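User: I would like to learn how to read the features of a model like this one. Could you take me through them one at a time?

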Amino acid sequence: MLNAVTEGAGAAPRESAWTENWRTFKVAARLGWQVESNWADPLVFLSFAVVRPLAAALILVVMYTVIAGGQRGDFFTYLYLSNAFFVLVIETMSGLAWTILEDRENYKMLKYVYTSPARKFAYLIGRAVARICLGLLTASVLLTVGVLFLGLQIELGNVQWGWLALYFPLGMVILLGLGIVLAGVALVIARHGGSIGEVTAGSLLLFSGAYFPVDILPPVIREISMGVPVTYWLEGMRRAIHGGILTYPAPGAEAGTTERPISPMLASLDNWQLLAILAVSAGAAAVISVLFYQWVENQAKERGMIDRLTGY
């Protein structure tokens, strides 16, 4: 009799891990959007979110125009495309790191998240997805404004959509992996963690060939740049959007000029080699970031750092 009652009133079937992760991700993504916008009107918030990076891009354009004497060749395309996609680097990496600090220090909710059944990685990525989406929107706006008003030379017929569809998601996996590592560091750092994401991402302006081709960097920095996956992702995105390797006119052996790649070191790699490097980097970033975060998370739990407040 008791067995029959127990079987009839058995517990509800447990949800699958995918279902739980997806539910946590949706709730965290909605929360992240509300937090990022400070519960403001979406139109007002989007206008503010787009105007700031657009103003920074205009400053960059003015500086380049003054230095180049009003000329805008392929190096302008190189610089502008790098700047547009580098917004995603900053937003993704700093967004994940700032999620930990904001929930722990400002809203004081991180300890409740850890005591809840929410999936931690799904929550972390969901909270950061609002900033990632803003980065995507900003990059799209920068490219559109560049083509329409700033002389950016992009022809839709030349865009290599297939390579773009391969390079972009692999790069995002790499950026998410780097962001998760920074989130782990933010989990155990004592003070001054608010800028760790932006400082680390900002340093990649030099080490990823975003503004300066890796060939002109000092030897030590050049070697570091060639070991940074973001370098290859930006090169792949530039090639895919432009439709090939960016070149510049240089004096040739005979009269006239010849087209030479802006970055000969990166130009020596074909698209398949770039894809292989990005695929291996994405796989390594995914595995290493998860293992690192789990290790740091265990350390934070053992030392009571989950609910620690540092006064910032």
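User: Are aspartate 103 and arginine 127 buried or exposed?

Analyst: Buried means under 20% relative accessible area, exposed over 50%, and partly exposed in between (1.4 Å probe, protein chains only). Aspartate 103 and arginine 127 are both buried. This is a predicted model, so local features need pLDDT of at least 70, side-chain atom pairs count only at pLDDT 80 or more, and totals for chains, interfaces and linings use all residues. Residues are numbered from 1 along each chain as its sequence is written, and side-chain values use heavy atoms, with hydrogens and water left out.

User: What joins the side chains of aspartate 103 and arginine 127?

Analyst: Side chains of opposite charge can pair when their charged atoms come close. A salt bridge here is a side-chain nitrogen of Lys or Arg within 4 Å of a carboxyl oxygen of Asp or Glu. Aspartate 103 and arginine 127 form one, at 2.7 Å from N to O. The pair links distant parts of the chain: aspartate 103 is in helix H4 and arginine 127 in helix H6, 24 residues apart. Helices are DSSP runs (H or I, at least four residues), numbered from the N terminus.

User: Which residue forms a salt bridge with glutamate 102?

Analyst: Arginine 127 does, with the closest N and O atoms 3.2 Å apart. Glutamate 102 lies in helix H4 (residues 74–106) and arginine 127 in helix H6, so this pair ties together parts 25 residues apart in sequence. Both glutamate 102 and arginine 127 are buried.

User: Why is H10 described as largely enclosed by the rest of the structure?

Analyst: Because 12 of its 14 residues are buried. Among them are Val230, Trp233, Met237 and Ile241. The cover over the buried residues of H10 includes H4, H7, H8, helix H9 (219–226), helix H11 (264–267) and H12. Just after H10, glycine 243 takes a positive phi of about 100°.

User: How far is glycine 243 from valine 159 in space?

Analyst: Their C-alpha atoms are 4.8 Å apart, although 84 residues separate the two in sequence. Valine 159 sits in the loop between helix H6 (120–149) and helix H7 (161–188). At 8% relative accessibility, valine 159 is buried. Contact means heavy atoms within 4.5 Å. Neighbours within four places in sequence aside, valine 159 contacts Ile154, Leu164, Ala240 and Ile241.

User: How many residues are in the largest nonpolar core?

Analyst: First, the term. A nonpolar core is a set of buried Ala, Val, Leu, Ile, Met, Phe, Trp, Tyr and Cys residues joined through side-chain atoms within 4.5 Å. The largest one has 53 residues, and Phe85, Val89, Tyr167 and Trp233 have the most contacts inside it. H3, H4, H6, H7, helix H8 (196–207), H10 and helix H12 (271–302) each supply at least two residues of this core. H4 gives the largest share, 12 residues. Valine 89 touches Leu175, Ala201, Leu204, Val230 and Trp233, not counting residues up to four places away in sequence. Apart from this core lies another, of 16 residues, among them Ala128, Leu187, Val296 and Ala300.

User: What span does H12 reach, and what is expected?

Analyst: The expected span of a helix is 1.5 Å times one less than its number of residues. H12 has 32 residues and reaches 46 Å from first C-alpha to last, close to the 46 Å expected. Its buried residues pack against H4, helix H5 (110–115), H6, H7 and H10.

User: Which residues form a nonpolar patch on the surface?

Analyst: Patches are made of residues with over 30% relative accessible area and no salt bridge: like charges are joined within 9 Å, nonpolar side chains (Val, Leu, Ile, Met, Phe, Trp, Tyr) within 5 Å. Val62, Val66 and Ile67 form one, with about 340 Å² of accessible area together. Accessible areas come from the Shrake-Rupley method with a 1.4 Å probe; for residues, only the protein chains shown count as cover. Valine 66 lies in helix H3 (residues 42–67). With a relative accessible area of 62%, valine 66 is exposed.
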